[in-house]
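My notebook is open and I have a few things to look up. Here is what I'm working from.

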Amino acid sequence: MLSDSVVEGPLPHGDDVAAFRKLWDQIAPVGRDPVSGGYLRFAFTEPELRLRDWFRQQAADRGMPVESDGNGNLVAWYGDPGAGDAVLVGSHFDSVPHGGAYDGPLGIVSAWLALDRLRERGTALRRPIGVVAFAEEEGARFGVPCLGSRLLTGELDADRAAALTDRDGITLAKALGDEPAGARPDLLARIGAFVELHVEQGRALVDLAAPVGVASGIWPHGRWRMDFTGEANHAGTTLMTDRRDPMLTYAFTVLAANKEARRFGAQATVGRVEVEPNATNAVPSLVRGWLDARAAEVATLDTLIEAIGQKATERAVRDRTALRLTRESVTPLVEFDGGLIDLFQRVLRGGVPVLPTAAGHDAGVLAAHLPTAMLFVRNPTGVSHSPAETAEDIDCAAGVARLADVLTTLAAGPQTTPDIEPGDAP
């Protein structure tokens with residue numbers, strides 16, 4: 001649900017925009033493909049490891065110790081991390097194949113700059129602040145989205161995670177350099193709230209003429225692997241009537257998923273496929289595809305998956321093939337903390353748009369364990385997971401300013417809900 005009106009605060013100063021651009025330019029070239037213009041920053045590969053080194057250097061420049069949780073997640077601490085009730089802020093570095101620059105890294109760059117604002121004001125903290133870089137949020141390398149936050153919270157078993165492999169057969173344990181630590185209740189117990197700033201993956205803020213918004217929640221969503229098996233055979237000598245071609249079942253299922261999603265007002269996407277033996281002149285023996293499905297309600301998502309599975313199974317009988325549908329990850333409906341949302345609207349100069357999203361985030365995982373909220377920064381194209389994803393520097397600077405106001409209230413304000421003007425040091 002959107003707020004009735006949008007009252008924007010003053011635009012950032014030129015110095016704020018310049019500060020954003022200076023820090024942003026340090027990471028913008030890392031992992032960028034010169035042909036597509038998109039990014040190849042897969043978890044624990046060279047580009048993402050370079051960004052992790054950059055993260056550590058940013059922490060060192062500010063005199064902040066960095067803690068690794070054993071799952072690939074990094075936290076830089078401002079204030080005593082042992083004090084508890086910390087405010088965690090940040091996002092992730094990794095990308096989808098040929099993805100955009102802003103999805104993830106904007107939240108980390110903004111966290112550093114917002115923290116700099118607090119330091120410049122001489123803001124005295126009553127709670128420590130942790131800047132976090134989560135691991136493998138996109139799931140582009142090991143197949144499980146929000147991998148780092150799921151391990152941290154115990155939503156993903158460490159043994160199962162250690163055995164996950166990428167397309168080259170490298171296990172997560174090998175990529176990490178050790179077995180994942182798994183659940184860290186000791187670390188979670190020290191965190192009192194999590195705030196994630198993210199580029200909007202849509203165009204609601206464009207339509208509302210607002211540079212910054214607040215997330216109300218995240219649609220239920222998940223990933224399912226579909227294995228269609230048949231019989232490999234010669235493309236020239238095998239009669240059409242004799243074929244057991246899993247590609248036919250796969251193609252029908254993709255079209256059925258599209259039709260059923262439209263029927264239920266949901267989203268269904270098949271964006272990845274693998275074929276064996278993957279030869280032009282051979283009927284395939286296996287077609288493996290991944291279904292991404294999302295809906296506004298859990299019941300709708302369940303009904304959608306059931307309908308797609310039923311239609312695919314019926315088609316497999318006709319094609320004399322077989323289907324195995326495996327759930328890889330599912331995130332239920334996420335409703336962000338109402339108290340934080342109300343506080344954000346009071347602090348951010350007269351209110352900002354409040355809108356839901358169908359995109360998954362580490363904030364969605366942490367929301368089941370501690371008070372969590374998100375800020376969105378306007379994306380003028382509305383496009384994400386693509387080189388066309390972008391954000392204007394002035395909007396990014398506005399996001400930094402509002403994140404700083406939020407952190408001032410959460411980490412430096414009184415224990416009760418404050419009545420302060422944004423930007424004022426308590």
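**Entry 1: helix α13.** I started with α13 and asked how much of it is buried. In this predicted model, 19 of the 20 residues of α13 are buried, so the helix is largely enclosed by the rest of the structure. Next I looked up its span. Helix α13 covers residues 393-412 and reaches 27 Å from its first C-alpha to its last. That is close to the 28 Å expected at 1.5 Å a residue.

**Entry 2: α1 against α3.** A reminder to myself: two packed helices are described by the angle between their axes and the distance between the axes. For helix α1 (residues 14-27) and helix α3 (residues 105-121), the axes come within 10 Å and cross at roughly 135°.

Which residues meet here? From α1 I wrote down D16, A19, F20, L23, W24 and I27. From α3 the partners are P105, L106, V109, W112, L113 and R117. Sorted by class, this contact has ten nonpolar residues, two charged ones and no polar ones.

**Entry 3: α1 against α2.** Helix α2 (residues 46-61) also packs on α1, at an angle of about 140° and with the axes 10 Å apart. So α1 and α2 are oblique to each other too. On the α1 side the contact uses L23, Q26 and I27, and on the α2 side it uses L51, W54 and Q58. The classes here come out as four nonpolar, two polar and no charged. Looking back, I see L23 and I27 in my list for α3 and again in the one for α2.

**Entry 4: A111.** Is A111 buried or exposed? Its relative accessibility is 1%, so A111 counts as buried. Skipping residues up to four places away in sequence, A111 touches V89, G90, V131 and L403. I also checked A111 against S216: they are 105 residues apart in sequence and 20 Å apart in space, C-alpha to C-alpha.

**Entry 5: A363.** Last one for today: A363, in helix α12 (residues 362-366). A363 has 0% relative accessibility, so I put it down as buried. Which residues does A363 contact, leaving aside its neighbours within four places in sequence? I found F194, E196, F336, T372 and M374. Between A363 and A295 there are 18 Å, C-alpha to C-alpha, and the two are 68 residues apart in sequence.

Conventions. Residues numbered from 1 in each chain as written. Predicted model: local features only at pLDDT ≥ 70, side-chain atom pairs only at ≥ 80, totals over all residues. Heavy atoms only, no water. Axes fitted to C-alpha atoms, helices over the stretch in contact; angles between N-to-C directions. Helix = DSSP H or I, 4+ residues; strand = E, 2+ residues; numbered from the N terminus. Contact = heavy atoms within 4.5 Å. Nonpolar A, V, L, I, M, F, W, Y, C, P; charged D, E, K, R; others polar. Expected span 1.5 Å × (residues − 1). Buried < 20%, exposed > 50% of the residue type's maximum accessible area, 1.4 Å probe, protein only. Parallel < 35°, antiparallel > 145°, perpendicular 65-115°, else oblique.
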